[in-house]
Structures are given as C-alpha cells and as structure tokens.
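Work through the exercises below with the model open beside you. Try each task before reading its solution.

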Amino acid sequence: MELAQRLDRMSESQTLKMSRLGRELRAKGLDIIDLSIGEPDFVTPEHIREAAKQAIDQGYTHYTPVAGYPDLRKAIADKLKRDNGLEYAPEQIVTSTGAKHSLINVIMSVVDPSDEVIIPTPYWVTYSEQVKFVQGKVVTIRGTRENKYKITPAQLEAAITPKTKLFMFSSPCNPSGSVYDQEELAALAEVFRRHPRIVILSDEIYEYINYLGTHYSIAQFDDLKDRVVIVNGLSKGYAMTGWRLGYIAGPLALAKAIEKIQGQFTSGTCSITQRAAIHALNADLKPTHEMVAEFRKRRDYIVSEIRKIPGIEVQEPDGAFYIFPDISAYFGKKVGDLTIENADDLCMYLLEKGQVSTVTGAAFGEPNCIRISYAASMEKLGEGVNRLRDALAALK
Ligand code: PLP
C-alpha cells in the first residue's frame with residue numbers, strides 16, 4: 001500500500017519504542033528491568049476509580065460536549081485559581097484525550113507550514129515530531145548541563161526570528177527534571193515582551209511532581225497571558241495515564257479553534273473519565289502527595305547510586321520522575337566486536353546485554369545523555385542500577 005508522505009515527516013515515539021522492545025524481549029522469556037517508562041507505577045487512587053464506577057452506573061455513557069462537560073471545565077478553572085492563582089473562565093478550557101492530544105491541538109491551531117517553533121533541548125520526544133507533522137520548522141535551543149538544562153534569556157533572544165510563531169517547553173521538564181523558578185520565568189517573559197507575535201505553550205503536566213514545593217507558570221504575567229496556553233492533565237499527578245484526560249487553558253480564540261478541530265477528529269473525550277476527573281480535581285491531593293514523597297525517596301536513591309558509576313555525570317532533578325545523565329564518556333568504548341558510538345548504541349547495548357531498558361537522549365534532542373525513569377519500585381531500581389553498573393563496567 002502507498003501511504004501518505006506526511007508519515008515520513010514524523011518518527012515513531014522512542015519512549016514507546018523502548019517499551020515495545022522491552023515487551024518483545026520479555027515475551028521471549030528475558031527478564032528485562034524497564035526504566036524507560038513514562039508513567040507512575042501506582043494505580044489511580046481508589047476514590048477516583050469509585051467515581052468512575054458510579055458514572056457508569058449513573059448512565060454517563062453518551063457523547064460529551066466537544067470541549068468537555070461544563071462542570072469539568074469549571075473544576076479545572078477552580079483548580080487553576082486554587083493552585084496557580086490564575087483566572088480562567090470555563091470557556092477558555094478545552095479537555096482532550098490526554099495532554100498529548102492537547103499539544104497537537106494547540107500546534108495545529110497555531111502553526112502554519114514553515115512557521116518556526118522554538119523548543120529548548122532536552123525536550124519531550126513528541127514536541128518535535130508533532131511540529132514536523134504540521135510542516136512547522138523546529139528550532140532548538142541547546143540547554144547545557146551547567147545551567148541545569150534550562151535556557152537563558154540571551155539564548156532565547158538569539159533563536160527568535162520574524163518567522164517564530166510558537167515557543168514550547170515543559171517545567172518540570174521531561175526528561176531533565178529541571179524546574180524554572182520565578183526569576184527565570186520573569187527573565188524569559190522579558191524577552192517575550194519584545195516579540196508580541198509569539199505564542200507560548202507551557203506544558204505543566206508534571207506540576208505536582210515537584211520536589212521544590214512551588215510550581216510557577218509563565219501564565220502568571222498578566223501582560224503575556226493572552227498568548228500563553230497552559231497544557232496540563234491528570235495523567236501524571238493523579239496516576240491516570242490510561243484514562244486519557246488532558247486540557248488546555250488559554251485565550252478564548254484558541255480554545256474555540258481547538259474545539260473546532262477536535263469536533264472533527266475525536267469529539268469530546270471519554271464520559272466516564274471526565275466524571276472521574278471532576279471528582280479527582282475537587283478532592284484532597286493526599287494520594288498525590290504520598291506518591292510524590294515516594295518518588296523523592298527513589299530520586300535520592302538513584303541519583304546517589306548512579307553517581308557512584310565512573311564516567312556518568314548526573315544532576316539531581318527537581319521534578320518529574322526521570323534522571324538524565326550524561327553518558328558521553330562511554331562513547332568510543334568497546335565490548336567484543338561492538339563499539340558504542342552514541343547514546344542510541346548505548347541504550348540498545350544496555351537493553352540487549354544488560355537487560356535494562358532506558359531511552360536515548362537523542363530522542364529528546366540531547367545526544368550525550370540517556371533517560372532513566374525511576375517510576376519503578378525500589379527493588380526494581382536496585383536491580384536496574386546493578387545491571388547498569390555491570391554492563392557499563394564491561395565497556396573498555
Ligand atoms: N507532556 C509531557 C512533558 C509528557 O512527559 C507527557 C507524557 O509522557 C505528556 C505531555 C502527555 O501526557 P498524556 O499522557 O496526558 O497524553
């Protein structure tokens with residue numbers, strides 16, 4: 001079959017690919033430790049599961065409004081006020097089938113072919129692929145380890161051209177775990193003030209998985225708010241990845257545009273998920289805080305263990321559930337006939353010989369690193385670290 005050319009503009013998700021390869025090896029009987037995962041290993045809290053069961057019993061089985069149930073949009077507006085001090089009318093909010101879907105909705109609404117989209121590296125794998133899919137031009141700004149993989153205002157200014165249409169970033173960041181503080185956002189905001197055409201996409205899906213305690217959004221600056229779009233969702237903070245609930249909060253015109261697009265693609269997201277989400281958003285965040293406390297313990301453990309391995313440089317992440325070590329010291333090393341040329345080779349070697357699954361930094365725009373997820377039990381992390389250490393020690 002002759003498939004459309006647009007497929008060539010986009011590559012397979014590398015994170016999903018590693019999960020798939022891990023599954024395939026497991027199916028062959030190999031015992032693989034999966035540290036490539038991008039989701040909490042916790043099940044959704046019971047009270048949210050109960051709310052979903054009730055929704056089924058109450059007959060919430062029909063099509064939903066395209067942008068989401070009005071009381072869900074209101075619950076999100078209330079959350080933005082409560083947690084972020086931000087005023088949004090429910091009409092400025094559109095819910096979608098996961099934050100990934102919210103992202104492509106924004107990109108389709110804002111980016112025309114050959115528009116430039118600035119993405120700091122390392123970025124979440126999907127950003128660049130979605131931009132390429134709509135024929136936008138990806139312009140990266142390379143974050144440095146010295147600056148905790150966050151960009152400076154000077155770097156941002158230098159990347160902007162008359163063709164820049166969109167800037168997109170995540171804080172807390174997947175994969176680096178970096179979190180922009182108030183001053184750093186203010187400094188970037190100063191640059192955006194000089195460039196009124198640029199839309200700013202702020203991906204805040206890891207908002208609650210933050211070890212610093214306070215989350216800041218770039219939407220806080222009133223004079224920028226009419227061109228900032230927040231993307232968030234319930235996947236990470238409520239351990240609800242399979243339920244598929246993401247949302248945007250942004251200018252009314254953008255919300256309307258997204259509603260129009262979504263009306264022709266997916267319609268409103270799952271009715272049962274939406275009812276459960278209303279319950280989750282209005283409920284106490286205790287289960288989230290407990291989960292984050294556990295992630296913090298694991299972070300402390302994995303950072304200290306990984307730092308003991310020669311040749312690996314790793315910063316302590318302030319959010320999300322990944323470490324993003326620089327492993328470039330292993331490039332050029334050999335075992336048997338195999339030479340590790342790059343991070344892709346190292347990940348495949350770790351998977352096939354070390355039986356531990358990680359993701360190449362190249363997929364995130366940073367070829368010197370790999371991403372290791374600590375959304376796995378302490379027991380698995382311990383075994384994963386042992387395997388990593390042994391596999392790396394075999395490289396000479
Ligand atoms: N944004 C970032 C930075 C992510 O890491 C992810 C998931 O890994 C998403 C968005 C998508 O989340 P969802 O599962 O709600 O589509």
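**Exercise 1. Helix 11**

Task: Find which residues of helix 11 are buried, then look at the start of the helix.

Solution. This is a predicted model. Begin with the span: helix 11 covers residues 343-352. Next, apply the cut-off: buried means under 20% relative accessible area. The residues of helix 11 that are buried are A343, L346, C347, Y349, L350 and L351. Now go to the start of helix 11. There, N342 points a side-chain oxygen at the backbone nitrogen of D344, to within 3.2 Å.

**Exercise 2. The largest pocket**

Task: Describe the largest pocket by volume, lining and class, then explain where it lies relative to domain 1 and domain 2.

Solution. Volume comes first: the largest pocket holds about 540 Å³ of space. Its lining has 28 residues, and L16, G38, K100, W124 and K236 are the closest to the centre. Now the elements. At least two lining residues come from each of helix 1 (14-27), helix 4 (99-110) and helix 5 (125-133). By class, the lining has 11 polar, 10 nonpolar and seven charged residues. Last, the location. The largest pocket lies between domain 1 (5-43 + 287-391) and domain 2 (62-282), because both give residues to its lining.

**Exercise 3. The second largest pocket**

Task: Repeat the analysis for the second largest pocket, and name the element that gives the most to its lining.

Solution. The space here is about 260 Å³. Of 17 lining residues, S11, E12, S13, T126 and E129 are the closest to the centre of this pocket. Helix 1, helix 4 and helix 5 each give two or more residues to the lining. Helix 5 gives the most, with six residues. By class, eight lining residues are nonpolar, six polar and three charged. Domain 1 and domain 2 both contribute to the lining, so the second largest pocket lies between them.

Methods
Residues are numbered from 1 along each chain as its sequence is written. This is a predicted model: local features need pLDDT of at least 70, side-chain atom pairs count only at pLDDT 80 or more; totals for chains, interfaces and linings use all residues. Side-chain values use heavy atoms; hydrogens and water are left out. On a 1 Å grid over the protein atoms alone, a cavity is a set of points where a 1.4 Å probe fits but cannot get out, and a pocket is an open set with protein on both sides within 12 Å along at least five of seven lines; lining residues have an atom within 4 Å of a point. Grid points are joined across faces, edges and corners, and a volume is the space filled by probe spheres set on the points. Helices (H or I, at least four residues) and strands (E, at least two) are DSSP runs, numbered from the N terminus. Ala, Val, Leu, Ile, Met, Phe, Trp, Tyr, Cys and Pro count as nonpolar, Asp, Glu, Lys and Arg as charged, and the others, Gly among them, as polar. Domain bounds come from an automatic or database domain assignment. Buried means under 20% relative accessible area, exposed over 50%, partly exposed in between (1.4 Å probe, protein chains only). A polar contact is a pair of N or O atoms within 3.5 Å; within protein, one must be able to donate a hydrogen and the other to accept it, and residues adjacent in sequence count only if both atoms are side-chain atoms.
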